[in-house]
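Hello,

Here is the structure you will be taking over. Please look through the model first, then read my notes below.

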Amino acid sequence: MLPRNQISIYFCRKFKAMKPTHIEHIGIAVRSLEESIPYYENVLGLKCYAVEEVKDQRVKTAFFMVGQTKIELLESTDPEGPIGKFIEKKGEGIHHLAFAVENLEEALSETAEKGIQLIDQKPRAGAEGLHIAFLHPKSTFGVLTEFCENKNK
Ligand code: ZN
C-alpha cells in the first residue's frame, strides 16, 4: 500500500490524459439538410456558414457556430452509410460528440492503452480539413465519441 500522496502521484501519471480543449462539435443526424437548416437559422438564429460533402463518411454536412462549438448536421447520401443506418435504427437526433484535442495520435494511443475500444486506429480526414477518429460507444457509456485535431491553426 502506497502512502496517500504517492497514490495521487501514481494516478496523476497513470491517468495523464489528452485533456480536450473544448467541445469541437455536436453531430446531429437529420433526414434532410434542406428541411432542418431553417430551424437552426430561423428559430435558433444561427447562421449556416458551410455545407460540405464528406464522401468518406457518405454524408453531407452543414455547420453552425455557437461560441467555439459547432453544430454539425449530417444528412446521409447513402442508406447503407453510417448516418443512413443510424436514422433507420434510431431516427433523427444527436449522433456523436466531438472533442478538440491537441494531438490526435497521442490521444488515440492513450485512450487505447486505457482499454477503450477505437473505431479508427488511425486519424482520418473529416469535414473542414480536421483530422478525426472515433471511439466505440460500447466503451464510452453509449456516446459515440470523436476526437478532432485542427492542424491548420
Ligand atoms: Zn463529427
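The second largest pocket has a volume of about 190 Å³. Eleven residues line this pocket, and M18, T111, I116, L135 and F147 are the closest to its centre. Its lining divides into seven nonpolar residues, three polar and one charged. For these classes, Ala, Val, Leu, Ile, Met, Phe, Trp, Tyr, Cys and Pro count as nonpolar, Asp, Glu, Lys and Arg as charged, and the others, Gly among them, as polar.

Some ground rules. This is a predicted model: local features need pLDDT of at least 70, side-chain atom pairs count only at pLDDT 80 or more, and totals for chains, interfaces and linings use all residues. Residues are numbered from 1 along each chain as its sequence is written, and side-chain values use heavy atoms, with hydrogens and water left out.

Pockets and cavities come from a 1 Å grid over the protein atoms alone. A cavity is a set of points where a 1.4 Å probe fits but cannot get out. A pocket is an open set with protein on both sides within 12 Å along at least five of seven lines. Lining residues have an atom within 4 Å of a point. Grid points are joined across faces, edges and corners, and a volume is the space filled by probe spheres set on the points.

**The largest pocket**

The largest pocket holds about 600 Å³ of space. Its lining has 20 residues, with P82, F86, H95, P137 and L144 nearest the centre. Two elements give two or more residues to that lining: α3 (82-90) and β5 (93-100). α3 gives the most, with six residues. By class, the lining has eleven nonpolar, four polar and five charged residues.

**The overall chain**

The protein chain has four helices and eight strands. Both are DSSP runs numbered from the N terminus: helices are H or I with at least four residues, strands are E with at least two. From the N terminus on, the order is α-β-α-β-β-β-α-β-α-β-β-β. Of the 153 residues, 41% count as buried. Buried means under 20% relative accessible area, exposed over 50%, and partly exposed in between (1.4 Å probe, protein chains only).

**The zinc site**

Which residues coordinate the zinc ion? They are H25 (NE2), E72 (OE), H96 (NE2) and E146 (OE), at 2.0 to 2.6 Å. Donors are N, O and S atoms within 2.8 Å of the metal (3.2 Å for Na, K and Ca); water is not among the atoms, so sites may look incomplete. Along the chain, the donors follow the spacing H-x46-E-x23-H-x49-E. H25 lies in strand β1 (residues 22-30) and E72 in strand β4 (residues 69-76), so the pair ties together parts that are 47 residues apart in sequence.

The four donor atoms subtend angles of 76 to 173° around the zinc ion, which makes the arrangement irregular. For reference, four donors count as tetrahedral if all angles lie between 85 and 135 degrees. Four count as square planar and six as octahedral if opposite donors are over 155 degrees apart and all others between 65 and 115; anything else is irregular. H25 is buried at 3% relative accessibility. E72 is buried too, at 7%.

**The cavity**

There is one cavity of 30 Å³ or more. About 100 Å³ of space lies in the largest cavity. Of the 18 residues that line it, H25, E72, G126, A127 and E146 lie nearest its centre. β1, β3 (59-66), β4 and β7 (131-135) are the elements that give two or more residues to this lining. The lining divides into eight nonpolar, five polar and five charged residues.

**Aromatic rings**

The structure holds three aromatic pairs. Rings of Phe, Tyr and Trp (its six-membered ring) pair if their centres lie within 6.5 Å; planes under 30 degrees apart count as stacked, over 60 as edge-to-face and the rest as tilted. The ring centres of Y39 and Y40 are 4.9 Å apart and the planes are at 80°, so this pair is edge-to-face. Y39 is partly exposed at 43%, whereas Y40 is buried at 11%. Y39, Y40 and F64 form one aromatic cluster.

**Two loop residues**

R58 is not a glycine, yet has a positive phi of about 55°. R58 sits in the loop between β2 (48-54) and β3. E128, also not a glycine, has a positive phi of about 60°. Its place is the loop between β6 (124-125) and β7.

Best wishes
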